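Here's a protein to explore, one topic at a time. Have a look at it first, then read on.

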Amino acid sequence: MISEQRANVLHGILLIALFSFSAFYIAEFEFVKRLSFSPLIVGIILGMLYANSLRNRLPATWVPGIQFCTKQILRAGIILYGFRLTFQSVVAIGLPALLIDGIIVTATIFLGLLVGRLLKMDRDLSLLTATGSAICGAAAVLGAEPVVKGEPHKTAVAVSTVVIFGTLSMFIYPALYRAGVFDLTAEQMGLYTGATLHEVAHVVGAGNAMGAEIADSAIIVKMIRVMLLAPVLLIMGFALARGVKAKPEAAGVGAAGHAASGATASVVGSPEKPKITIPWFAFGFLVVIGLNSLLPQGVSAIDTIVNGINRLDTFMLTMAMTALGAETSFDKFKKAGFKPFLLAFILYIWLMGGGYLLVKYLL
């Protein structure tokens, strides 16, 4: 019986792996490269296409394997993401970048929660969207998902919003910079680009379109922003735990009803004991960054190993994104409505306008 269950889980994992290989292949198409769509983004699109076509024709016993990809493989992928970063890069770019990144990340998350509340949106969806806009797009949404513990379709909606506006920025920033609308030096433009664009891929695309000097500083600033993912997840875990409120029991609801709903039996009106979700993978993320910082630079054997780990990590994150897409139907998008995209648009305007003013007048 146990071996049969493992086989079913393996079937689900292999299915997602096949979709992920396809995502890597499609991401190499020239028109996909021009859009700077990484395999992660292609993967979630393939997963959603599967969810809205063949999903009901495959065995339900494969679902645990798909869910394994959205949890265990996701966490492992976030940890290995640390091999892309070093603490030396923080020192190289200096205090101004750290200050701007800190303000952008903090203000964007709080603004997202505030606007989400004003729009009467689901809290989990607001937080996921704000985190993706604030830090590093899809990767940040994926990192926050185990802490927020939102439903898979909410994660997919949040990813979609940051991808849409991040992709727009990748074309708008170079156009406005060349037109002279952004009255910034090359150094300031690099800082502005890295501090406000959503995805690492978007920063790379926009930076290269504006010149090597801008691209180099923009990528470093962006990576510092990515590093902030770990402390943000830790703070988020404690904040969500403290936000647990007392839930009065409805009259006539017995212990059996609580068992069915997964709730813990408690005295009427008494507060639930807050359960703090500590994202241990965030510590792993920091440890890996530290390890990568200690590795000697320019050693071909080490560089080859690290590059191989980064390719494996990209594949694991692609599997996680594909699995999340496979749990998302268009009906769930309709249920989410227009509000998540309105929230993402408001955050986009803040990042573009507020970020510009910060870089222009704070430095």
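Helices (H or I, at least four residues) and strands (E, at least two) are DSSP runs, numbered from the N terminus. By that count, the protein chain has 18 helices and zero strands. This is a predicted model, where local features need pLDDT of at least 70, side-chain atom pairs count only at pLDDT 80 or more, and totals for chains, interfaces and linings use all residues. Residues are numbered from 1 along each chain as its sequence is written, and side-chain values use heavy atoms, with hydrogens and water left out.

**The whole chain**

- Let's start with burial: buried means under 20% relative accessible area, exposed means over 50%, and partly exposed is in between (1.4 Å probe, protein chains only). Of the 363 residues in the protein chain, 50% count as buried.
- Accessible areas come from the Shrake-Rupley method with a 1.4 Å probe, and for residues only the protein chains shown count as cover. The protein chain exposes about 17400 Å², and carbon and sulfur atoms supply 68% of that.
- Contact means heavy atoms within 4.5 Å. Take the contacts in the protein chain between residues at least 6 apart in sequence: 83% of them join residues at least 24 apart.

**The nonpolar cores**

- A nonpolar core is a set of buried Ala, Val, Leu, Ile, Met, Phe, Trp, Tyr and Cys residues joined through side-chain atoms within 4.5 Å.
- The largest nonpolar core has 82 residues, and the ones touching the most other members are Ile135, Met189, Tyr192, Val226, Met236 and Met321. Helix α18 (residues 339–362) gives the most to this core, with nine residues.
- Apart from that core lies another one of 13 residues, among them Leu15, Ile16, Ala17 and Ala323.
- What is Tyr192 in contact with, leaving aside its neighbours within four places in sequence? The list is Tyr173, Phe182, Leu184, Leu351, Met352, Gly355, Tyr356 and Val359.

**Helix α8, wrapped up**

- Eleven of the eleven residues of α8 are buried, so this helix is largely enclosed by the rest of the structure. The buried residues in α8 include Gly143, Glu145 and Pro146.
- Ala138 lies in helix α8 (residues 138–148), and Ala138 is buried, with a relative accessible area of 0%.
- Not counting residues up to four places away in sequence, Ala138 touches Ile41, Val159, Val162, Glu199 and Met321.
- Ala138 and Ala158 are 20 residues apart along the chain, and their C-alpha atoms are separated by 8.1 Å.
- Just after α8, Lys149 takes a positive phi of about 60°.

**Aromatic rings**

- Rings of Phe, Tyr and Trp (its six-membered ring) pair if their centres lie within 6.5 Å; planes under 30 degrees apart count as stacked, over 60 as edge-to-face and the rest as tilted.
- The structure holds twelve aromatic pairs. In one of them, Tyr25 and Phe29 have ring centres 5.4 Å apart and planes at 80°, so the pair is edge-to-face.
- One aromatic cluster is formed by Tyr173, Phe182, Tyr192 and Tyr356.

**A nonpolar patch on the surface**

- Patches are made of residues with over 30% relative accessible area and no salt bridge: like charges are joined within 9 Å, and nonpolar side chains (Val, Leu, Ile, Met, Phe, Trp, Tyr) within 5 Å.
- Tyr25, Phe29, Phe31, Leu35 and Phe171 make up a nonpolar patch on the surface, with about 520 Å² of accessible area together.
- Tyr25 counts as exposed at 60% relative accessibility, while Phe29 is partly exposed at 32%.
- Phe171 lies in helix α9 (residues 152–178) and is partly exposed, with a relative accessible area of 43%.

**Salt bridges**

- A salt bridge is a side-chain nitrogen of Lys or Arg within 4 Å of a carboxyl oxygen of Asp or Glu. The structure holds five of them.
- Arg84 pairs with Asp313, and their closest N and O atoms are 3.0 Å apart. This pair links distant parts of the chain, 229 residues apart: Arg84 is in the loop between α4 (63–80) and α5 (87–93), and Asp313 is in helix α16 (residues 300–326).
- Is Asp313 buried or exposed? Asp313 is buried, at 0% relative accessible area, whereas Arg84 is partly exposed at 29%.
- Lys360 and Asp183 also meet in a salt bridge (3.1 Å, N to O).
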